[in-house]
Amino acid sequence: MSKPAIASASAVAAPSAEAGAHFLHGVRRLLLAGGGLFFSLAATFFGLLVITFVIGRLMPVDPVLSAVGDRASQATYNQVKEAMGLNLPIWHQFARYAWNVLHGDFGMSTLTARPVMEDLIRVFPATAEMATVAIIIGIVCGIPLGVWAAVYRNSLLDHVMRVVGLIGYSVPIFWLGVMGLLVFYLQLGWVGGPGRLDVYLDGEVPTVTGLILVDAVIAGDWEVFANAFSHIILPATLLGYYSLAYISRMTRSLMLEQLNQEYLITARVKGLSERRVVWRHAFGNIQVALITVCALAFANILEGSVLTETVFAWPGIGRYITTALLSADMNAVLGGTIVVGTVYVGLNLLSDILYLIVDPRAR
Amino acid sequence: MSGNETVLAAPAGLRAWLKADAPGSGWQATCGRAYRGWRAFARNPMGLVGLSIVLLLLFCAAFAPWIATADPTVQDLSLRLQSTSAEHWLGTDRMGRDTFSALIYGSRVTLYIVVLVLVISAPIGLLVGSTAGFLGGWTDKVLMRITDIFFSFPRLVLALAFVASLGPGLNNAIIAIALTAWPAYARVARAETLAVRKSDFIAAVRTQGAGHWRIILRHVMPLSLPSVIVRATLDMAGIILTAAGLGFLGLGAQPPTPEWGAMISVGRENILDQWWVAAVPGMAIFIVSLGFNLLGDGLRDVLDPKMT
């Protein structure tokens, strides 16, 4: 009996102080959780560095020999070896490597004879553009379809969505790309072919963001916009299809969890419309989890873009990596791997942070 | 459901022995459990479809020389890019190789990849996960942190980097995929281990004098196995797709080995007029991945009903 009395007394006495303490407590928890996340990001990034370093050293080819050629004298060989830092102890080499990577120095690409970082900055917008269009398709279609599949469980729509999901998990994306090009480009002529633009429009609009769709809008050149759209729509739809399959499946199972809860019965008893019950109450509660799902879907799109870009001759980071691979340009491969890996890890972190901010229970 | 079973039930004999409430031996109990598991699995038609597809793959791989109509590596440029015919059921590619035979032999390559990836990654995952879960403390923290690091990497890109360094080839592709596949099993095994580590039977084994490793290897790991198998079956499709992707990029199996992903890459060059050269191996990859997905879903429903 006495406890509530004390509590209410103190609340009356110093309401603002308690609220302040509560707020500080919340901030501290948030910072602690954020610190944990930061630590995990740092650890993961360190792991990425170690793995790429090891991969770079696994190469059966002697990097010094391939740089100087087999006619070089022993003195030249030693000199180059020293210049490349390969005479240093292995941990020293790693420290050097990590230092360089952290400063954005991935070395020179043997294929393009330019710094890898420069190349990556040049090709990244193409990937970002395709991935963004793809995730928009995935989210805009995937979430409503997932919600409906859960609401109308075991209906025709639910079964269709299950098949859509199964196909998405089973079909090779590069094959779908090849077949899509055959049907929609070569046979029907509905979409633009490989590449980001038709050749005659190349360089028509000035590069501002590197995203051709955005640059075309800035320049007000609607012909370029339409052409770029016709090129991006097929690969982005294919990539978007995979995230649609994933997002709708996750949305469905998250919604099913909510739809069985008793608070929805209360909401219905109160006389709320079914639409409000589903979209406001049930869907409102899964939004936080959906953020994570969408971030993961976006990360998967980045990975899927490696093969898609190869099929569609899309000059993005995926194609850059595969082209470099085929000519054994290790600096370029590792640089690309680190960038994709970092974005991937970063997206995971971002989803965790958003989760922390939106959902107080996670603190 | 029960009415159905009484109609189907044989009067006595094997079925009664299998369904006995009080099995007389460990062997009988094992058989009975397997039988009940099978009955539960068989109620799921999609699971059965998946099983049939996987069995078909096994059949094709085992009897490839008898099923194939020609040697898939023999090139005959006079027969290049033929359409379907009685002699070449699915036509020929631009080297005049028989597509149907390449498809059949390709099932061996696919199976080889899947089995080897599993043989490499499942034990690593089981060992890491069981050890982390059983020992707990710092061992757990360190091992699971490493697992998380591997888990948060994009699988295909990492596999690409590995293959780039080790050189293209089927075995290097398998190693690369296996290195990215084990973390999932480690997580599953750890979760299972946490559930049993405080059990009485573990305490009993310990009082008998068994050491950590004996308990982990003989008593904890076997219990994690079913969950890991389910997870692995669901992973198979992903492994097949990654391997096919590497093959498509020319980094997996090297010619003349008939690999489905590489076959698509070859067929792509004549896609306009001879679309089937690329279409057929893609269908094969799709069907086999679908089979593993359906089988995995079915197995999960039987072994882990709470996940549906």
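The questions below take up confidence, fold, interface and one glycine in turn.

Visitor: What ipTM does the predictor give the complex?
Guide: This is a predicted model. The pTM of the complex is 0.83. The ipTM is 0.81.

Visitor: How many strands does chain A have?
Guide: Read along the sequence, the pattern of chain A is α-α-α-α-α-α-α-α-α-α-α-α-α-α. Chain A has 14 helices. Its strand count is 0.

Visitor: What radius of gyration does chain A have?
Guide: A compact globule of 363 residues would come near 21 Å. The C-alpha atoms of chain A fill a box of roughly 90 × 60 × 40 Å along the principal axes. The radius of gyration of chain A is 27 Å.

Visitor: Which helix of chain B gives the most to the side that touches chain A?
Guide: On that interface, 37 residues of chain B are in contact with 39 residues of chain A. Helices α7 (137-151), α8 (155-166), α11 (212-248) and α13 (276-303) of chain B each supply at least two residues to this side. The top contribution is 9 residues, and it comes from α8(B).

Visitor: By class, how many residues on that side of chain B are nonpolar?
Guide: Charged residues number 3. Polar residues number 8. The nonpolar count is 26.

Visitor: Is G133(B) buried or exposed?
Guide: G133(B) lies in helix α6 (residues 99-135) of chain B. A residue counts as buried with 20 or more other C-beta atoms within 10 Å. G133(B) has 26, so it is buried.

Visitor: Which residues is G133(B) in contact with, leaving aside neighbours within four places in sequence?
Guide: Contact here means C-beta atoms within 7 Å. T257(B) lies 42 Å from G133(B), C-alpha to C-alpha, and 124 residues away in sequence. The contacts of G133(B) are D140(B), A189(B), R190(B), T193(B), L194(B) and R197(B).

Notes: Residues are numbered from 1 along each chain as its sequence is written. Chains are lettered from A and ligands numbered from 1 in the order in which they are written. This is a predicted model: local features need pLDDT of at least 70, side-chain atom pairs count only at pLDDT 80 or more; totals for chains, interfaces and linings use all residues. Helices (H or I, at least four residues) and strands (E, at least two) are DSSP runs, numbered from the N terminus. The radius of gyration is taken over C-alpha atoms; the globule rule is 2.2 Å times the number of residues to the power 0.38. Two residues are in contact if their C-beta atoms, placed from the backbone, lie within 7 Å. Ala, Val, Leu, Ile, Met, Phe, Trp, Tyr, Cys and Pro count as nonpolar, Asp, Glu, Lys and Arg as charged, and the others, Gly among them, as polar. A residue is buried if 20 or more other C-beta atoms lie within 10 Å of its own, exposed if 12 or fewer, and partly exposed in between; C-beta atoms are placed from the backbone.
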